Amino acid sequence: MPSRFNVLAHAREMASVMRYTPGKRSGRGLLAAAALVVTMFAGNPAMADYGSVELAHLDPAEIRVLYHEGEYARVLLSAPAITGELDVDFDAELIGRVKAWHAWISILAEGLEEKQQFPELGHAVTYPFGERPTRVQGSFPFSIPRAAYEAHVLEACNARAAHLRDTQGQSDEEIFSAEHIIGIRVRGEYTYEMTGPDGADGKGRGLVYGIWSDDDGPRVRIICEKSASLVTPPVVPEVEIANLKVVGNDSAAVCSVSMVATIRTNAPGTEVDFHFESGNGQKSETHTVVTPGNSLHQKAYTYRLSGTGLQTGQVRMVIEGEETKSAWENYEVNCVANDFATLLPPKATALRFEVEKEVAHKGKVCPAVIAVIGSIEGRGKSSGKIALGADGNQIAEWSFKVTGNETVAFRGKHQISWHGKSATQQDIPLTMFVYGQKPTNNGDNENNEIGNEAAAPEASSQAPLQDALQKMVSVSCTDAELASNDPTPPLPTFSPTSVGERMYQGYICPAEIVLDAQILGRDPFEGRAVLIARQQPSLFESQSQVKEYSFSIVKDEELALPFQPEVRWSNVPQIGDAPPKQTMDLSFQIFRAGGVVVSVERPLEVSCKTVNFPTAINMAPPKVHSLQVIRTTDEILYQGRICPTRVKLIGAFTGQGSASGNAFLGADGGLLTEEPFTIEDGVTDTILGEHTLNWAGVESPFQQDVEYVLRLDNAEGVEVDRETETETFACRNPESVRGDTDRVDGLSSNATPQPQSYNLSISELGSKIRNGYVCPTKIGMGGFVQSGSEGFSGSISYFAGAVLQHSQGVNLGPNTGQGQSVEHVLDWDAGAFPEKDVVYAFKVENQYGIEVGSEVVTKRIACEKIETNRDPAVSGLSSGGSNATHAPTNEVVGPFALQTAPAFAIQAPKGRVRAGRIQLSGGPANAKYDLRFYRGDERGYRSVRSAQLPRQMTGRTATFNPRALSGSRTWRIEVCPAGTKDKKACQSADFQLPRLKGAGGVKAPANPATTKVFVMPGQGG
C-alpha cells in the first residue's frame, strides 16, 4: 500500500491538473479532487486505465439533397458542415503514462445499418518517451465537410425512397413529389495506448469506444427535397365565363337599367372582383363575389340613369386583375312619366345561416365565419334597402327593387370569436330590417347616373321601416374526427415578440411580430401547420395574415416555423391622449386529413409609445425637391385614335430637420396616393404614384392638359410645401383602323382583338461557381398565348430587366395556343452582391400594334455561398503528470484543432435586411456599445443621426427602426465598445434595405423596353 504521503502528493498533483487544464471536465475544485483521489486509493492500490471522449456540443444543421432523374443525386453545394465539439479525458492513474490517443467522429443516418467514420478528420497525438503525461483533458472542435459525408447522406435519402416503394407501395411520383426528413446521429469514437502495471503496452489499441448523441439534443437533419417537376401544380383560380344581360326599367320616378352578371370560374370558392363600365368611360364601384359550389355566380345589379326622355348607351362588365371583359350590351330606356301605384311593401320571409369557415378551439372544430342569408318576397313594385345584422351589429346593407311577387335573397358575413370562452356553443341573434325608399328632394337625382349605384336609403327614421325578422340561432363545435389508432399529434408552441418600429399618428408603434413558432414531435406525424395573426379588418387590408407549412416529423424532433406578420395600425383609433394600442389574436393550428387536431391560441396586446424628440434638433418642415411625370407606352383606342392611358409619378422631398407627416400625390384635383413619412435633416425621400388618363368626353383635337401636384403635410395635417407640374397629352391616328371602330359612343367591342388567355412562367436552367458562390447562369422564360373562338393575330415579346430578349409574330386559329421558351443569360460580373431582383415581362400585341395584355414577374435570383472549413493550428490540449511544465510534442492527424473564443464581430444587419435587428458575436455578454449609422451614395458614406435610431446598446442583441433609414438603400452600421477612442476596436457591417415600393398600387411597367431611366438627386445612380 502506498504511504499516506504518496497518496496526498498524488492528490495534489491531480488537483493541479484539474485546475490548470482546459476543457469542460476541468471545473472541479482542488478540495473535491483531492478528496476524490484519497477515497479512490484508500482501498485499492492500483486503478484501471481510463479513457473517455464525449460529444460536448453539436450544432444543429440542415443538409438538403436534390432529386434528379429518378433518384436523389447530389447534396446542395451550400449544405453546411457537421460541426461541434468533443471533450477528451485519458487517465493512466498512478504509475502509468499516456503514450498515444486518437479521437474522431462517426455518423449514422436513420434507416441505415452501417455508420460512416471519419478517422482521417480526427485528432491523434503520440507523446515521445520522457514527455508522456499521466492524464490528458481538453476539448477540440470537429467539422465534417459536405464532400466527406455526401455519400452517406445520398444513401440515406435513396434508402428512404426504396423503403417507401417496397413497404408502402408508393410510386416514384408520390415519393419524389414530397419532402422527407431524416435524422443523423453523431458520436465521438476513440482508441488509446497507455503504460504501467495495470495498463500493459497495447491497452486500448484496436478497440473503438463511443456514445451516440442524445436524441433530445440538437439535431442534424437530412432534407430530401421534393422535385418541382413531379409536384402537381395547383389550380390557378381564373374566370372562364363573364357574360352580361341588360334590361331597361322605364319609369319617371326611378329610371334605371338592371344588369344580370353571370360569372363562372374554374374552381368553386374563387373570389372575383369586377365592375361595370359604360360606353362613355364611367365606372361603377368594385363588386366582390365568391363563386359557390357549382362555380357559377348570377346576380342582378340596378343602376339609375339621369335625365328624361329616351336614354341609350352601352355597358359591359370588367373582371379586375385578369382584365377579362364581357361583350358590350346596348340599352334603351324611355324615362317618361309612368303613373303606377306602389302596392304592398315586400315581406321578410326567411333568415338563416351557413357555416363558411371553421377554427380549432379546445380540441374541437368550431364555426369561425357564418354567412347570414335573408330573403324578401315582393308584393308589388317597390324599392328600398335591406339591413342584415348579427350579434347586435349590422353586417351588410343592400339596395333592392322588386316588381310583382319575386323573391330576392341577401347575404352577409359574420365572424365568430371563441377566444376566452370556455363553452363550445354560442347563441347568436340574427336580424333583417326592410326599409322603404327614402323621400327625394323634388326629383333631384344628382350623382345618380350610371357609374354610381342607386342611392341606398339610410337606416333612419327618414326611411320607413316596412318589415323586420329576428331569429336566435345556435352555433356549436364538433369533435375532430381522429381514429383511435392515429398518432399523437405534435405539440405546437409559440412566443411572440414585437420587432421594428413605424410612425403612426405621431407615435412610435411596433411594426412586426416575430412568433418564434415551434413544433415538438410526439409520434411520427405528417400534416400541415397554419399560423394565423388576426386584427380588426380595415378598408384595404384583410383581417388575417396566414402562413402555412406542410411538414413531416418524428418523435422528439423539433421544427422551427418562421412567421413574422405585420402589425397594421391604419384602422386603430386613438382614445383620448393615450398612445394607440390594439390586441392581435394569434393562433397556431395543426391539420391532417381529418381536419384540425390541435390548436394553440392567445391574444397579444401591442402598444405605441410617445415620440420624444431632442429639443436641439432643428424642427423645420421638409421641402419638396422635385416632381417627375414619366409617360408609359400603355395606350387605348378612343374615337378611332390611339391615346396614352397611364403615367407614373415620382415625388422627391428633403428633410430640413427631424419631421414626420404625410406626402400626397394628386392629379386634376383628385388624390392618387398618400404615404406617411419620417425624415431627418438632409435626407431625401420619395413617394411613387400612378395615374390613368380619362378620355371620356374629350373631343377634337383629342388632347388634354393634366395638372399633377406633390403636397407635404406635417404631423398636425397642415400643408408645409407643394409643387405642381402640368403635362399635355395628345392622341394619334393609327396606321390601320377597322371600319367599325369609329362609333360615336366610344369603344367598340371588336376594336381591339384580344387573346383568350396568356401567361408567363420563370425557371432556373443552370448555375456556375464564382467567388465562393453557386450562382444561376440562365433563366428560362416560358410564354404562352391562347386564342378564343375567333382566333388571334399579332405578336409576342419577352423582356428581362427592361431589355427586349425576343419578339415574334403569332397567327392563331380558333381555340389554339402557341408557346415558346426564351433564355436569359445572367451576368454576375456586373453585380456587387450575390443576389438581385430581375423584372421579367411578357407582352402581347394584336395585329394593329395595340397592346392587349402583359404579365410582369419580379424574381429574386440569389447565389448560394459555398461553405469552407478552416484549418487552424492545434493548440490548447492540456497534459498532466510529473512534467506538467513541459509541453508535450504533438503529432497531429487531420485538420482538427482547438479554436479560441469567437472574436467581436457583427452578425446582423448584413447583406439584404428586412427587419431592424442588431446581433453581435464575441465580446463580454453584458458590455455596452456605441452605435453609428452611415448612409451610402456615390460619394461614400455619411453619418446620419435620428431620434428613431439607437445610439447605444447593452449586450449582444438590440433593434432599430429600419423606416428611419431613408434616402438610400445602402447603409453601414458601426459598433464600438462604449467610450473607446480607438477605431481599431470598432466593427462595421454594410447592408441594403428592400427595394422601394410606392403606395397606391404602383405596378411594374407594361412595356419595360421603353421605360425611362431617371436619377433621384441625393440617392445615387
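Colleague: Which residues form one aromatic cluster with Phe 90?

Modeller: Trp 101, Tyr 190 and Tyr 192 form one aromatic cluster with Phe 90. Keep in mind that this is a predicted model, where local features need pLDDT of at least 70, side-chain atom pairs count only at pLDDT 80 or more, and totals for chains, interfaces and linings use all residues. Residues are numbered from 1 along each chain as its sequence is written, and side-chain values use heavy atoms, with hydrogens and water left out.

Colleague: How many aromatic pairs does the structure hold?

Modeller: There are 17. Rings of Phe, Tyr and Trp (its six-membered ring) pair if their centres lie within 6.5 Å; planes under 30 degrees apart count as stacked, over 60 as edge-to-face and the rest as tilted. One of the pairs is Phe 274 with Tyr 301, edge-to-face at 5.7 Å centre to centre and 80° between the planes.

Colleague: Are Phe 274 and Tyr 301 buried or exposed?

Modeller: Phe 274 is buried, at a relative accessible area of 0%, and Tyr 301 is buried at 5%. Buried means under 20% relative accessible area, exposed over 50%, partly exposed in between (1.4 Å probe, protein chains only).

Colleague: What about Tyr 638 and Phe 702?

Modeller: Tyr 638 and Phe 702 pair edge-to-face, 6.3 Å centre to centre with 75° between the planes. Both are buried.

Colleague: Switching to charges: what sits over the ring of Tyr 941?

Modeller: The charged end of Arg 972, 4.0 Å from the ring centre. A charge sits over a ring if NZ of Lys or CZ of Arg is within 6 Å of the ring centre and within 35 degrees of the ring normal. Arg 528 likewise has its charged end over the ring of Phe 591, 4.9 Å from the centre.
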